[in-house]
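Q: I am new to this structure and would like to learn how to read its features one at a time. Could you take me through it?

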Amino acid sequence: MRSDYYVYQHVRKDNGEIFYIGKGCNDRAFSKANRSNWWKRIVEKSGGYEVTFIAKDVDEEFAFLVEIERIDQLRKIGANICN
């Protein structure tokens, strides 16, 4: 079983707010490819983004569960994320 997945969050450079949660492997967290127009508008408006990791070196199933849980947590506190 592969254990090279991770869960990441994108943080706005202008105000430090989290705006996206994702799971991936390799360089996905840093890639601007295959992102929604909403994601692209946030990045443009905020002057870029930073990547922070929530979990590293986990299998895909666990990464998916962590991603879902983090999205749920942020929505419950009213965060405006573009997932």
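This is a predicted model: local features need pLDDT of at least 70, side-chain atom pairs count only at pLDDT 80 or more; totals for chains, interfaces and linings use all residues.

Q: Which residue forms a salt bridge with Arg 12?

A: A salt bridge pairs a side-chain nitrogen of Lys or Arg with a carboxyl oxygen of Asp or Glu within 4 Å. Here the partner of Arg 12 is Asp 14, with the closest N and O atoms 2.7 Å apart, and Asp 14 is partly exposed at 43%.

Q: How many salt bridges does a search of the whole structure find?

A: The search finds four, among them one between the side chains of Lys 76 and Asp 72, at 3.2 Å from N to O.

Q: Which residues of helix 1 are buried?

A: In helix 1, which covers residues 37-46, the buried residues are Trp 39, Ile 42, Val 43 and Ser 46. Viewed down the helix axis they fall within an arc of 95 degrees, so they line one face of helix 1. Asn 37, Arg 41, Glu 44 and Lys 45, on the other side, are exposed.

Q: What covers the buried residues of helix 1?

A: The cover includes strand 1 (5-12), strand 2 (18-24) and strand 3 (49-58).

Definitions and conventions:
Residues are numbered from 1 along each chain as its sequence is written. Side-chain values use heavy atoms; hydrogens and water are left out. Buried means under 20% relative accessible area, exposed over 50%, partly exposed in between (1.4 Å probe, protein chains only). Helices (H or I, at least four residues) and strands (E, at least two) are DSSP runs, numbered from the N terminus. The arc is that of the directions from the helix axis to the C-beta atoms. Contact means heavy atoms within 4.5 Å.
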